[in-house]
Amino acid sequence: MITLDKVRQRAESDAKTYGYFLNPDAGFLNDLLEGLKKNEERYGYPACPCRVATGKLELDRDIICPCDYRDPDVAEYGTCYCALYIRKDVIEGKTPLQPIPERRPKEKQERAYSKTAQALVSEKPSETAVAIQRGPSQVKKKLWYCKQCGYVVFREDPPYICPICKAKREMFAEITLGTYASG
Amino acid sequence: MLSTCAWCKMTKQFFKDNDIEFEYVDVDLANDEDHEKIRKDIEKRGASPSFPTVIVDGKTVITGFRKDLIKEALEI
């Protein structure tokens with residue numbers, strides 16, 4: 001059984017790895033962690049407490065905490081959608097903490113909630129999963145490497161800090177792959 | 001509203017603290033049919049169905065716990 005302590009430890013460890021902080025308001029943080037715990041008990045995975053999950057992994061994958069939108073949201077607004085993960089300047093009071101708009105693409109939300117999509121998933125999970133991956137608003141992921149330690153990551157933007165050597169985001173460079181013809 | 005969402009909880013508390021009469025639905029606890037109805041209703045009002053969504057006097061729709069906008073709509 002998942003305990004609140006375990007949920008807290010996981011969030012703390014993830015925040016530390018990526019150079020973020022958890023919400024400083026103890027009551028608010030507790031509510032979010034309780035929400036994550038409740039969702040993990042309900043669905044078997046910690047779906048975002050501030051979004052509606054379907055309970056179908058193929059449709060909820062992008063909103064499993066930490067969600068796919070956390071890093072771009074923290075980069076742009078200083079906080080994730082729930083305000084669980086927060087950037088240093090927000091913790092220090094230099095940037096105000098406020099509700100932020102939903103970044104999850106509308107198509108993904110609609111796919112998750114329309115009945116037809118749900119029916120499709122229960123019949124043919126793989127096809128729907130493929131359709132979602134090919135969605136028009138799919139984030140453009142790239143390969144990035146840390147110039148300090150060589151850590152490589154495949155995502156839209158480089159991480160806020162390197163999870164391995166803690167180098168700043170500026171130390172990341174994009175890897176461009178070329179194809180060469182020979183013979 | 002969502003029963004798991006901390007912003008939704010803050011919104012409910014805000015109404016209680018200010019003695020404002022309110023009704024709410026925790027969509028994550030509602031059945032699929034009611035969820036669908038609520039989503040359609042919010043969309044019909046021109047808003048995106050994020051949580052919390054606050055509808056003041058059946059007219060003003062506010063997405064997210066925007067205390068400033070809620071106060072303005074309630075004239076408090």
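Modeller: What follows sets the computed values against the criteria that give each term its meaning.

Modeller: Please note at the outset that this is a predicted model.

Colleague: What makes up the secondary structure of chain A?

Modeller: Chain A comes to eight helices and five strands. Read from the N terminus, the elements follow the order α-β-α-α-α-β-α-α-α-α-β-β-β. Of its 183 residues, 31% count as buried. Among contacts between residues at least 6 apart in sequence, 47% join residues at least 24 apart.

Colleague: Why are H1(A) and H2(A) called roughly perpendicular?

Modeller: The axes of helix H1 (residues 4-18) and helix H2 (residues 26-43) of chain A come within 9 Å and cross at roughly 110°. The term covers angles of 65 to 115 degrees, and therefore H1(A) is roughly perpendicular to H2(A). The crossing of the two helices is right-handed.

Colleague: Which residues make the contact of H1(A) with H2(A), and of what class are they?

Modeller: H1(A) contributes Leu4(A), Val7(A), Arg8(A) and Ala11(A), while H2(A) contributes Leu33(A), Glu34(A), Leu36(A) and Lys37(A). By class, this contact of H1(A) with H2(A) has five nonpolar, no polar and three charged residues.

Colleague: How is chain A divided into domains, and what joins them?

Modeller: Chain A is divided into domain 1 (4-105) and domain 2 (142-175). The C-alpha centres of these two domains of chain A lie 22 Å apart. Eight residues of domain 1 are in contact with six residues of domain 2. On the side of domain 1 that touches domain 2, the elements giving two or more residues are H1 and helix H4 (70-77) of chain A. The largest share of that side, four residues, comes from H4(A). The side of domain 1 that touches domain 2 has, by class, five nonpolar, two polar and one charged residues.

Colleague: Why is Tyr145(A) called partly exposed?

Modeller: Tyr145(A) is placed in strand S3 (residues 142-146) of chain A. Partly exposed residues fall between the exposed limit of 12 or fewer and the buried limit of 20 or more. Tyr145(A) has 17 C-beta neighbours inside 10 Å, so it counts as partly exposed. Not counting residues up to four places away in sequence, Tyr145(A) touches Gly150(A), Tyr151(A), Val152(A), Phe172(A), Ala173(A) and Ile175(A). The C-alpha atoms of Tyr145(A) and Tyr113(A), 32 residues apart along the chain, are separated by 37 Å.

Colleague: Is Lys94(A) buried or exposed, and where is it found?

Modeller: Lys94(A) is found in the loop between helix H5 (88-91) and helix H6 (106-113) of chain A. The exposed class takes residues with 12 or fewer neighbours. Lys94(A) has 10 C-beta neighbours inside 10 Å and therefore counts as exposed. Its C-alpha atom is separated by 21 Å from that of Glu170(A), 76 residues away along the chain.

Colleague: What is said of phi at Ala83(A) and Glu75(B)?

Modeller: Most residues other than glycine have a negative phi. Ala83(A) is not a glycine, yet has a positive phi of about 70°. Glu75(B), also not a glycine, has a positive phi of about 55°. Ala83(A) is found in the loop between H4 and strand S2 (85-86) of chain A, and Glu75(B) in the segment after helix H3 (67-74) of chain B.

Colleague: How do you know which of these residues is buried and which is exposed?

Modeller: A residue needs 20 or more neighbours to be buried. Ala83(A) has 24 other C-beta atoms within 10 Å, so it is buried. Glu75(B) has 6 other C-beta atoms within 10 Å, so it is exposed.

Colleague: Where are cis peptide bonds found?

Modeller: The bond from Cys65(A) to Pro66(A) is cis, with omega near -5°. Pro66(A) has its place in the loop between helix H3 (57-60) and H4 of chain A. A cis peptide bond also joins Phe51(B) and Pro52(B), where omega is about -5°. Pro52(B) is found in the loop between helix H2 (32-44) and strand S1 (53-56) of chain B.

How values were computed. Residues are numbered from 1 along each chain as its sequence is written. Chains are lettered from A and ligands numbered from 1 in the order in which they are written. This is a predicted model: local features need pLDDT of at least 70, side-chain atom pairs count only at pLDDT 80 or more; totals for chains, interfaces and linings use all residues. Axes are lines fitted to C-alpha atoms, for helices over the stretch in contact, and angles run from 0 to 180 degrees between N-to-C directions. Angles under 35 degrees count as roughly parallel, over 145 as roughly antiparallel, 65 to 115 as roughly perpendicular and the rest as oblique. A crossing is left-handed if the near helix is turned anticlockwise from the far one by less than a right angle, and right-handed if clockwise. Two residues are in contact if their C-beta atoms, placed from the backbone, lie within 7 Å. Ala, Val, Leu, Ile, Met, Phe, Trp, Tyr, Cys and Pro count as nonpolar, Asp, Glu, Lys and Arg as charged, and the others, Gly among them, as polar. Domain bounds come from an automatic or database domain assignment.
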